[in-house]
Amino acid sequence: MTPTVDLAVIGGGVVGMALADAWLARNPGDRVVVYDKEKHFAAHASGRNSGVLHAGFYYAPDSLKARLTRDGNRMLREFCLERGVPLRETGKVVVTTSEEQLPALDTLYERGRANGVTLEMTDEAGIRELEPLARTVERGLWSPNTAVSSPAGVVIALAQRVQERGGRVVLDSAATGAAPGWVMSATEGRVAAGHVINAAGLYADTVAHWFGFGRDYRMLPFKGLYWYGTWEPGRLRRHVYPVPDARNPFLGVHLTVTVDGRAKIGPTAIPALWREDYGGVKGMRGREVWDVLRTYPRFLRSPHHDVPGLVRTEMPKYFRKYLVSQAAALVPSVRPADFTIKGKPGVRAQLLHVPTGKLEMDFVVEGDERSTHMLNAVSPAWTSSLAVADYVVERITR
Ligand SMILES: Cc1cc2nc3c(=O)[nH]c(=O)nc-3n(C[C@H](O)[C@H](O)[C@H](O)COP(=O)(O)OP(=O)(O)OC[C@H]3O[C@@H](n4cnc5c(N)ncnc54)[C@H](O)[C@@H]3O)c2cc1C
């Protein structure tokens, strides 16, 4: 007999888990199942990110990211405290490396205020007092609500809460097909589902296409590399970020503090050739490489981004010494000899809007009464996940 569930979630990263959790909180007693294709939790972006709880000041005030990051930051903090997931209150400074960056810093400050985020403008001495290792030119920003936690720890704690609420989490079970009303699971066969949520991260576009959604989008994966420092834990106290280029969706090379106090540099935003391109040839699929190669030219010709600038600044970051030298512009005591431990790379599930050639900057949710598709769950969807889940589940009509 075909098993029947009220909700089937494809993808058990932080977004899929948060959605299952929010659904069960609103519909206790419903039969909910989460399928993930991997054998362990947080195998992809949710376990390979910086673990930074962003405050929400980068994003356009009318965007989903602005609202859901501000609220998600508060909700994730509460969740970590309630479930005993480690949380480190680092705060963050945003620094400039030249006077030319001051207007962009002012814009960032105004954005933060428009987004209802606590943010302070301070001077060189103020930055030094907050983070003695950082330097800025004239002014810098202080974000007290930026913090850090354990990326995988959050996913595991969410999976536990889903199970406590009566949901099932099935690992090592890829969804090999789906359509309105059913999902084909590698371990459970064809499962009838009242509603299907697609939270498949790097494969969210593929799964959405099964349902006829997300037709205008194609995945353009970007790889993030990290290098850890050998500094004693606690030497760097705050996250230190540059002023980003507003035309591109990436924040630039920064230094973060991990939840256990280690300093780390990265991530880069280097083109990846296939979706799970973490190094070597593992996970390489010819079809994916072909898709990526035919999608990049569309992006390279895009009038919406500073593509030549992005290529010029990002490609050399393949080289550790160059990457570290970029970080040294923010924290002068950083030396290549101290940042030699390679971190686990992550790949951003960045979507390209094919008709316009524009990298999608906001979260995109498509769907109808039978299915919902979480497209472009890029940074900071880990921070925003609980708020995203509330927002989405409230809008699903059954
Ligand atoms: C380098 C990097 C740094 C980042 N830093 C931060 C940060 O500091 N703060 C922040 O807030 N965000 C950050 N992000 C963004 C954040 O990691 C993501 O937005 C978030 O993890 C997305 O979660 P997800 O559940 O959508 O994706 P994922 O974690 O990728 O989960 C998707 C899941 O779907 C599964 N799946 C895929 N296809 C199938 C299928 N057919 N059947 C079953 N399962 C399937 C996969 O196995 C995977 O577990 C960063 C991202 C990267 C790449």
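I started with the ligand. Of the 40 residues around the ligand, I found G11, G13, G201, G224 and A381 nearest (near means a C-beta atom, placed from the backbone, within 6 Å of the molecule or strand). Two or more shell residues come from each of α1 (14-26), β21 (346-348) and α10 (381-395). Helices (H or I, at least four residues) and strands (E, at least two) are DSSP runs, numbered from the N terminus.

This is a predicted model, where local features need pLDDT of at least 70 and side-chain atom pairs count only at pLDDT 80 or more, while totals for chains, interfaces and linings use all residues. Residues are numbered from 1 along each chain as its sequence is written.

I checked which domains line the ligand. Domain 1 (1-88 + 147-215 + 362-398) and domain 3 (222-348) each give at least three residues to the shell; the bounds come from an automatic or database domain assignment.

Next, the core. The largest nonpolar core holds 116 residues, and A8, I10, A18 and L19 have the most contacts inside it. A core joins buried Ala, Val, Leu, Ile, Met, Phe, Trp, Tyr and Cys through C-beta atoms within 7 Å; buried means 20 or more other C-beta atoms within 10 Å of a residue's own, placed from the backbone. Helix α1 is the top contributor to this core, with nine residues.

I then looked at A18. Beyond its neighbours within four places in sequence, A18 contacts L158, S385, L386, V388 and A389 (C-beta atoms, placed from the backbone, within 7 Å).

Last, a sheet. Three strands make an open antiparallel sheet, ordered β19-β14-β21; pairing takes at least two DSSP bridges. β19 (270-271) and β21 each have a single partner strand, so one side of each lacks a neighbour in the sheet. I noted F222 bridging to P271 in β19.

Technical notes
Buried ≥ 20, exposed ≤ 12 C-beta atoms within 10 Å, placed from the backbone. Contact = placed C-beta atoms within 7 Å.
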